[in-house]
Amino acid sequence: MKVKAPGRINIIGEHTDYNDGYVLPFAVNRYVFLSIEGSDRFIFHSENVNETVEMEKIEKLNKWTDYISGVIASFEKRGYRVSPVKISVSSNLPMGAGLSSSAALEVATAYAISEYFSFNVPKLELVKIAREAEVEFVGVRCGIMDQFTSAFGKKDHAIFLDTMTLEYEYVPLRLEGYEINLVDSNVKHELSSSEYNKRRQECEEVLKTLGKKSFREVTKEDLERLSGTLRKRAQHVLEENERVLKSVQALKEGDFETLGKLLFSSHESLRDLYEVSCEETDFIVDYLRGKEGILGARMVGGGFGGGVIVLSKKGAFGKIKEELVESYKKHFGIDLTFHEIESSDGVQKI
Ligand code: GAF
C-alpha cells in the first residue's frame, strides 16, 4: 500500500502553536511518498538518503529512521500491536527549507500504519501520534501545527487553527493575480533545535511568573509584570496571535496588501522579540522590502535558517530573483533555491 503526505508552509502564526495560539498554514504540493508491506523484521528504506536500515525491534538511532520508529512507538504506547513491516520512503520536499518534511514523514507513517493494519484511527488521533513521535522519540518539543496541516490540508485553502481547542476553519486561498514563493536560504544553523526547546522553556517561565495556566489568559497588561527576555517572548506571542486574526480577515477579503504588511511585521517580531531569525533570512527579507510588487516576506518555521515565504503580485518576484541570487551569493557565498508553492490536500492513499 502507498500513501503520500504533504509538507506545509505557514502563512503566519510562528511560535504560537505550543502557546495555545493561532496559526494559518496550508499544505503544499510537495510530499513524502511512503509504501508499506509485511516483513519479518523492521526494514526502513529512504531513497533520498540512499540507505536501508534493519532492526529487530524499534530503537532510536538519531537519524531519519527515528521519525518512523517514533510513530510506531507511539502506536504501541496506545496498545496497538505493530508487527514488523518494510517501509520505503521518498520525497520531493526540500529538507530544512521550513516546509516540515519531518512532520510529513511522521504523518505518512501514522496514516500508512493505521490503514495497513486496519486500526482505523481517526485523523486527529493520527496527528497526535505523529506529534508525540517528534516530541518524545525525536526529542524536539514541537507544537501541533505541522502534523495537523499535513493531515488536514485542503487544496485551495489555508487552515486557521486554534491550537488550544483544535477547532479549525478552512479559509479559501484565492491567489489569482498573486503568488507565494519560498526562498530557501540553504542554511540551517546548528542551534535550531536546542534554541527551539529553549524558547518553549522561556514561554513556560512566562506563565509561571504570571501564575497563569495558558498563554490564552495572558493579556497586554501582563507584559508590565515581565521584564527582559521573558517580556519580549510574551509580547511576540500576543502580537503574533493578533496578526493571525488580522491575516485571516485579510485573506477572506482578498486584501493581499494588508496580509503582506502583516508578514513583514511578523518577521520583525521574530527577529527582534523572539530572536529566532538569522543574518541570512534577515538579508533576504530586507532585500525584498520595498521592491516593486513584493507585498510581504518573513522567515517560516522554527527559524535559525530555513525558508522565507514571499507574497507578491504575479510575476513581480520572478523579475528580481536573479538580482537576489547574486546579491546573496556575494554576501554569503551561498546559492539560493526557489520553490513556487501551491496548496494541496492532506495525507491520502495513492
Ligand atoms: C516548527 C515546529 F515543528 C512547529 O510546531 C512550530 O512551533 C514552528 O516550528 C514554529 O512556529 O516547525
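Residues are numbered from 1 along each chain as its sequence is written. Because this is a predicted model, local features need pLDDT of at least 70 and side-chain atom pairs count only at pLDDT 80 or more, while totals for chains, interfaces and linings use all residues.

**View 1. Helix α1 packs against helix α2.** Here α1 (residues 65-77) and α2 (residues 101-116) pack at about 45 degrees, with their axes 9 Å apart. Helices (H or I, at least four residues) and strands (E, at least two) are DSSP runs, numbered from the N terminus. Axes are lines fitted to C-alpha atoms, for helices over the stretch in contact, and angles run from 0 to 180 degrees between N-to-C directions. The pair is therefore oblique; angles under 35 degrees count as roughly parallel, over 145 as roughly antiparallel, 65 to 115 as roughly perpendicular and the rest as oblique. On the α1 side look for Y67, I68, V71, I72 and F75, which meet S102, L105, E106, T109, A110 and I113 of α2. Contact here means that C-beta atoms, placed from the backbone, lie within 7 Å. Sorted by class, the residues of this contact are eight nonpolar, two polar and one charged. Ala, Val, Leu, Ile, Met, Phe, Trp, Tyr, Cys and Pro count as nonpolar, Asp, Glu, Lys and Arg as charged, and the others, Gly among them, as polar.

**View 2. Helix α1 also meets helix α3.** The axes of α1 and α3 (residues 123-138) come within 8 Å and cross at roughly 110 degrees, so the two helices are roughly perpendicular to each other. D66, Y67, S69, G70, V71, A73, S74 and F75 of α1 meet I129, A130, E132, A133, E134, F137 and V138 of α3. That contact has nine nonpolar, three polar and three charged residues.

**View 3. Helices α6 and α7 sit side by side.** Their axes are 9 Å apart, at an angle of about 165 degrees, so α6 and α7 are roughly antiparallel. H236, E239, E240, R243, K246, S247, A250 and L251 of α6 make the contact with T258, L259, L262, S265, S266 and S269 of α7. By class, the contact of α6 with α7 divides into four nonpolar, six polar and four charged residues.

**View 4. A look along α7 and its buried residues.** With 17 residues, α7 (256-272) reaches 24 Å from its first C-alpha to its last, close to the 24 Å expected at 1.5 Å a residue; the expected span is 1.5 Å times one less than the number of residues. Among the buried residues of α7 are L259, L262, H267 and R271. A residue is buried if 20 or more other C-beta atoms lie within 10 Å of its own, exposed if 12 or fewer, and partly exposed in between, with C-beta atoms placed from the backbone. The buried residues of α7 pack against β1, α6, α8, β9 and β10.

**View 5. Two loop residues have positive phi.** Most residues other than glycine have a negative phi. H15, in the loop between β1 and β2, has a positive phi of about 60 degrees although it is not a glycine. H15 is buried, with 26 other C-beta atoms within 10 Å. S100 lies in the loop between β5 and α2, and its phi is positive too, near 60 degrees. S100 counts as buried, with 29 C-beta neighbours inside 10 Å.

Notes: Contact = placed C-beta atoms within 7 Å.
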